[in-house]
Every structure is written in C-alpha cells, then in structure tokens.
Amino acid sequence: MRLCWNVLLVSAALCVPALGQDAYSGKPTGAAVPRYTFSWPLDGSTVQPRGGTTKGAPVTLDAEPSDAWKALQAPGLAAFERDRRAILAMAGTYRVTFDFLEITPFKQLDRPNAPYQSWGTEKVYVDSDDGKSISLVHILEMRVVMKDGSISEPMITKHWRQDWRYEPEFIVEHKGRDRWERRRVTSAEMKNAWSQTVYQVDESPRYASIGRWNHSPSFSTWLSAETWRPLPRREWSVRDDYQVLIGTNRHTVEPTGWVQEENNLKTVLTAERTIDPSNPYVAREYGVARYERIREADFAGADRYFEKTKAFWNQVRDAWSDVFAKQGSATLRGPVDKLGLFAPLFEQADAIEAGSGAGDNATVIREALKDMGVAVGPASAGL
C-alpha cells in the first residue's frame, strides 16, 4: 500500500463530491442548476463550488451518542474535568465535510468567488494526555469510487495535529508572511482557559489561540480569541490578493460528532506585516468542518501508520517547539506546503512505516527545517 502524502500538494482533502451530486451519497441532487447554501442570486446562476470530482465509498453514520459524549455529560464534574472530556470526545472515526463560502466581498467583483467544498474520512487519535495537555492527531484513510464502480485501495495521509493546553504560559502565534512568534500569555488570558495550537501536515506551526469551554446538556463549545492564520492551499492556489486570515475558531462537541466553525477576514498586509491601512480587507468568509462519527469503518492502515510513525512525528514537533523556546521566533522561506519543503519528512515517515530502514531521524529533521529557513542546533530536541 503506497502512502499518498504527495496528494496533499494537490488538495487539502482528497475526496470531494462531483458537482451536482449530494455531498453525502454522491447521488444527483435533482436540481437543474446546482446551488450552494447562502449562494446568490436566488435563480441558481451563481458560480459552482470548486474542489474535485471524486466520490468516496459508502460509510455508516453512528446515530447513537458516543461513550465519550456520555462521559462528558456525567453529573457533578469539575469544570476542568468537563473541559478535558470535551477535548477527548473529538477523538474517533469520522466522515468530514469542509465548506468555505465568501459571504461578504469588500471590493467590486464581476462575479462571486466560488465557494469551496471537499470531504474525507478521518480518524482522530489521542496521541498524548498528561492531564493539562492533550494532543490529537488526524490521519485520513479514504477509498474512492472508481469509474467502473470498484473501490480503490485505501489512501492514507497524515493530516493535522491539534494540541490543547490548560492555562498555557506561552503560545506561538502566526504574524503573517511566513513568520511565527512565541508570546507569553497574561495571567488574565490564561485563567481557566485552554490554548489550541494547530500544526500543519509536517508538524510545522500553523496557528494558536486561547479560549474557554462552555458546556450544556446539548453541546460543549470552545471559542478562540481573534487569531491570525496563514492561507491554506484552497486559497493560495487560486489567489494572491491578501496575505492572512484573521478570525475566530469555534469547536462544538455534540452527541454524534463535532463541528469546527471559522469566521475569517481575508486581510491585506504591508511588507512590514501590518494590516494595510488603505486596503485592509478583501472579504469575509465562513467555514464549517463537520465531523460526523462513523462506525464499522476500516482504519487499519491509519492505525498502522500512526503507531509506527508517531515517535518520529513527535520528534519533529519537539524540534519545532525547541526552536521557539530558544529563538522566540522563526521566519520561513515561504509556505511549507506550497514549496513542497515537507517532502523529506514524509519520505522518512514512509520508510519508517514500511520498515525499510529509517536511517538517521535527527539528520533528516535538522536538514528539513534548515531547508525551510530554520537553523536547528545539534542539541535541539535531541538533534
């Protein structure tokens, strides 16, 4: 089985519904002209969603409340423990749908920018949990329906990582134009709060923010502070008129899954990484990622990849953490995914997973980070 990490150079998610098909079943919608939620005009003549045209194998949704949800709802829990259980409830097997729509353009357009849709099947693993720090790793394992109706071999790809920390002393924030800086958190910010730090496919930093959990019998939700994020591939692959997304990130845990919502301003930066005073924003977008729990799904390949490569990827993440602890900031040569700079790390992980001889992890990590524009000393994270 060949791992398909390189496919991420083409799309952030590998399987997307054909245009004019239902996002869940792949069946025709029956509409003469496909429409998108919140689309305009109402006659259906708006642009079609962009993405791919592949269709995934059928899955079985799990309609029963999960054991993790039941544990989250247990009476008499301390607030801290309920927060922890909400984070841990995001682990599991899911069908994920990604929807992004530019709802408010701030400049005249000949036609609306096309919304973005994609989907995949993904397993979220608890990589570590020491009480006040929880790490969740996302790995995609997907099967595509071929033209002849057959189902493809599984495609397995490490996707992203989210680290949660209670009352963090520091976070590493994106500052625009491929720069990240480590910032000390104030006592007011950290009180009863959790940070979420998101890492890209290769464990390089993406964004981080701080927020607090709120719980009810219907759902548990965490809302970030205003957060700067680099452009994802779905954006930098088609446009270059802005440099950073600034917005909020909400995670909502429900009985049968969870939802991530984004409310982003597409923001123009000066060369000095400040918001352009004459033309600050080009548009506002909404984004929704729905994680619907599935059952009886085969994630054996993802399980094997996770178990065999987790130590290596943790070593990569530790190297990044050490860079920021010692240097305080890092400015990369450019977007890691755009330049393909993560390729040596994935090749090393593939070799480890295949058992074909891993070689020297430390050298591979040090050289990869150096190519990205980060100098890593021999003592950094055991390197």
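**Surface, rings and charges in a predicted model**

Phe106, Ile275 and Tyr281 together make a nonpolar surface patch of about 240 Å². Such patches are made of residues with over 30% relative accessible area and no salt bridge, where nonpolar side chains (Val, Leu, Ile, Met, Phe, Trp, Tyr) are joined within 5 Å and like charges within 9 Å. Accessible areas come from the Shrake-Rupley method with a 1.4 Å probe, and for residues only the protein chains shown count as cover. Tyr281 belongs to strand E16 (residues 281-295) and is partly exposed, with a relative accessible area of 30%. Here, buried means under 20% relative accessible area, exposed means over 50%, and partly exposed lies in between (1.4 Å probe, protein chains only).

This is a predicted model, in which local features need pLDDT of at least 70 and side-chain atom pairs count only at pLDDT 80 or more, while totals for chains, interfaces and linings use all residues. Residues are numbered from 1 along each chain as its sequence is written, and side-chain values use heavy atoms, with hydrogens and water left out.

The secondary structure of the protein chain comes to eight helices and 17 strands; helices (H or I, at least four residues) and strands (E, at least two) are DSSP runs, numbered from the N terminus. Of its 383 residues, 51% count as buried. The accessible surface of the protein chain is about 17,300 Å², and 51% of this belongs to carbon and sulfur atoms. Among contacts (heavy atoms within 4.5 Å) between residues at least 6 apart in sequence, 67% join residues at least 24 apart.

Aromatic rings come next. Rings of Phe, Tyr and Trp (its six-membered ring) pair if their centres lie within 6.5 Å; planes under 30 degrees apart count as stacked, over 60 as edge-to-face and the rest as tilted. The count by this rule is 13 aromatic pairs. In one of them, the ring centres of Tyr166 and Trp194 are 5.2 Å apart and the planes stand at 55°, so the pair is tilted. Tyr166 lies in strand E7 (residues 155-166) and Trp194 in strand E10 (residues 194-199), so this pair ties together parts that are 28 residues apart in sequence. Tyr166 is buried at a relative accessible area of 14%, and Trp194 is buried at 0%. Elsewhere, one aromatic cluster is formed by Phe312, Trp313, Phe342 and Phe346.

Charges also meet rings. A charge sits over a ring if NZ of Lys or CZ of Arg is within 6 Å of the ring centre and within 35 degrees of the ring normal. Arg234 lies over the face of Phe100, 3.6 Å from the ring centre, and the charged end of Arg229 sits over the ring of Tyr207, 4.5 Å from its centre.

The structure holds 31 salt bridges, each a side-chain nitrogen of Lys or Arg within 4 Å of a carboxyl oxygen of Asp or Glu. Arg85 and Glu81 form one of them, with their closest N and O atoms 2.9 Å apart. Both residues lie in helix H2 (residues 79-88), four residues apart, about one turn of the helix. Another salt bridge joins Arg161 and Glu203 (2.8 Å, N to O). Arg161 lies in strand E7 and Glu203 in the loop between E10 and strand E11 (205-215), so the pair ties together parts that are 42 residues apart in sequence. Both Arg161 and Glu203 are buried. Arg239 and Glu235 meet in a salt bridge too (3.8 Å, N to O), and belong to a network of salt bridges whose members include Arg50, Glu102 and Arg234.
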